[in-house]
Amino acid sequence: DARIPFKIKFYLIALIFLVFDVEVVFLYPWAVIFENLGWFGFVEIVIFVGMLLIAYIYAWSEGALKWE
């Protein structure tokens, strides 16, 4: 049989990986034009990274990053 059941944990880890991978896609253009943005750009990226850090801490506290 070609169908092998995957645990839901596999999909959860893949989804978390994609979320943090998209973070890099948003950080690169910001880093390129950082000097032109000034303090407004700095505050915006701190808020963005802070929200991602909160999401990471929540996923870690819920045990979503444990591979069993």
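This is a predicted model: local features need pLDDT of at least 70, side-chain atom pairs count only at pLDDT 80 or more; totals for chains, interfaces and linings use all residues.
View 1. E23 touches F48, V49 and L52, leaving aside residues up to four places away in sequence. E23 itself is found in helix α1. Its relative accessible area is 16%. The cut-off for buried is under 20%, so E23 is buried.

**View 2. Packing of helix α1 against helix α2.** Helix α1 spans residues 8-32 and helix α2 residues 34-61. Their axes come within 10 Å and cross at roughly 170 degrees. Angles over 145 degrees count as roughly antiparallel, and α1 is therefore roughly antiparallel to α2. On the α1 side, the contact is made by I16, V19, F20, E23, F26, L27, W30, A31 and V32. On the α2 side, F34, L37, G41, F42, I45, F48, V49, L52, Y56 and A59 take part. By class, the residues of this contact divide into 17 nonpolar, 1 polar and 1 charged.

**View 3. The aromatic pair of F26 and F48.** A search of the whole structure finds 5 aromatic pairs. F26 lies in helix α1 and F48 in helix α2, so the pair ties together parts 22 residues apart in sequence. F26 counts as exposed, at 51% relative accessibility. F48 counts as partly exposed, at 25%.

**View 4. An aromatic cluster.** F20, Y56 and W60 form one aromatic cluster. Among its members, F20 also belongs to the α1 side of the helix contact, and Y56 to the α2 side.

How values were computed:
Residues are numbered from 1 along each chain as its sequence is written. Side-chain values use heavy atoms; hydrogens and water are left out. Axes are lines fitted to C-alpha atoms, for helices over the stretch in contact, and angles run from 0 to 180 degrees between N-to-C directions. Helices (H or I, at least four residues) and strands (E, at least two) are DSSP runs, numbered from the N terminus. Angles under 35 degrees count as roughly parallel, over 145 as roughly antiparallel, 65 to 115 as roughly perpendicular and the rest as oblique. Contact means heavy atoms within 4.5 Å. Ala, Val, Leu, Ile, Met, Phe, Trp, Tyr, Cys and Pro count as nonpolar, Asp, Glu, Lys and Arg as charged, and the others, Gly among them, as polar. Buried means under 20% relative accessible area, exposed over 50%, partly exposed in between (1.4 Å probe, protein chains only). Rings of Phe, Tyr and Trp (its six-membered ring) pair if their centres lie within 6.5 Å; planes under 30 degrees apart count as stacked, over 60 as edge-to-face and the rest as tilted.
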